[in-house]
Amino acid sequence: MLIADETIQSIYLLISECFKMNRKLDRQVSVLGVNFAMNNTADLCHLGIAHYFPSLSDRIAEECLERYNIAVEYGETPSGAESYESPLEIIDSMYESVVDFQTMFMGVIDIAYKNKDIQVFTDLLDLLKDYNNIVEQVILIKDKIHAYDDMQSFDAHIKEHFWIL
Ligand SMILES: [Fe+2]
């Protein structure tokens, strides 16, 4: 075995989490656009953040498993029908999700390192480095949305003033 089973299992879980994140964020941007008429924020978060996760999962699969002849096993994806009372609640929840995902990602990297799967470790580090941009963006959005009193003004300004991806 080229890669320790513990590392492989943890990567399977990370890949599954990518799809959970995609489902959760797709629901959030759908509510943002439809219920709160924040179409700019919804579009940007949809394409730049929600869709980041399935593409990340493909990269993890290709670079960390399939390249070593290991086929991916996918977990279940939950339904996505959460309710949100306000745009602030959505962005706060998005923030918690992307930070929790970052913590899980680091945990998987730690497992790869402890198992001396250094070939996988280096590619995961690269992918984490890119993912850190998502966390930075969501922190900025969260700080900004809490600073704005007017949500429509926030939505009108996001593209030019605080979209950094
Ligand atoms: Fe989507």
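Helices H1 and H4 run roughly antiparallel to each other (an angle over 145 degrees). Their axes, lines fitted to C-alpha atoms over the stretch in contact, with angles from 0 to 180 degrees between N-to-C directions, come within 10 Å and cross at roughly 170°. This is a predicted model, in which local features need pLDDT of at least 70, side-chain atom pairs count only at pLDDT 80 or more, and totals for chains, interfaces and linings use all residues. Residues are numbered from 1 along each chain as its sequence is written.

**H1 against H4**
- H1 spans residues 5-34 and H4 residues 87-114, both being DSSP runs (H or I, at least four residues) numbered from the N terminus.
- Among the H1 residues in contact (C-beta atoms, placed from the backbone, within 7 Å) are Ile11, Leu14, Met21 and Leu25, while H4 brings residues including Ile90, Met94, Phe101 and Phe105.
- The residues of this H1 contact with H4 comprise 15 nonpolar (Ala, Val, Leu, Ile, Met, Phe, Trp, Tyr, Cys and Pro), five polar (the others, Gly among them) and three charged (Asp, Glu, Lys and Arg).

**Helix H2**
- In H2 (residues 39-50), Thr41, Ala42, Leu44, Cys45, Ile49 and Ala50 are buried (20 or more other C-beta atoms within 10 Å).
- Their cover includes H1, H3 (52-64), H5 and H6 (151-161).

**Lys144**
- Look for Lys144 in helix H5, residues 118-147.
- Leaving aside residues up to four places away in sequence, Lys144 touches Phe154 and Phe162.
- Lys144 and Phe154 are 10 residues apart along the chain, with 7.8 Å between their C-alpha atoms.

Note on methods:
Helices (H or I, at least four residues) and strands (E, at least two) are DSSP runs, numbered from the N terminus. Angles under 35 degrees count as roughly parallel, over 145 as roughly antiparallel, 65 to 115 as roughly perpendicular and the rest as oblique. Two residues are in contact if their C-beta atoms, placed from the backbone, lie within 7 Å. A residue is buried if 20 or more other C-beta atoms lie within 10 Å of its own, exposed if 12 or fewer, and partly exposed in between; C-beta atoms are placed from the backbone.
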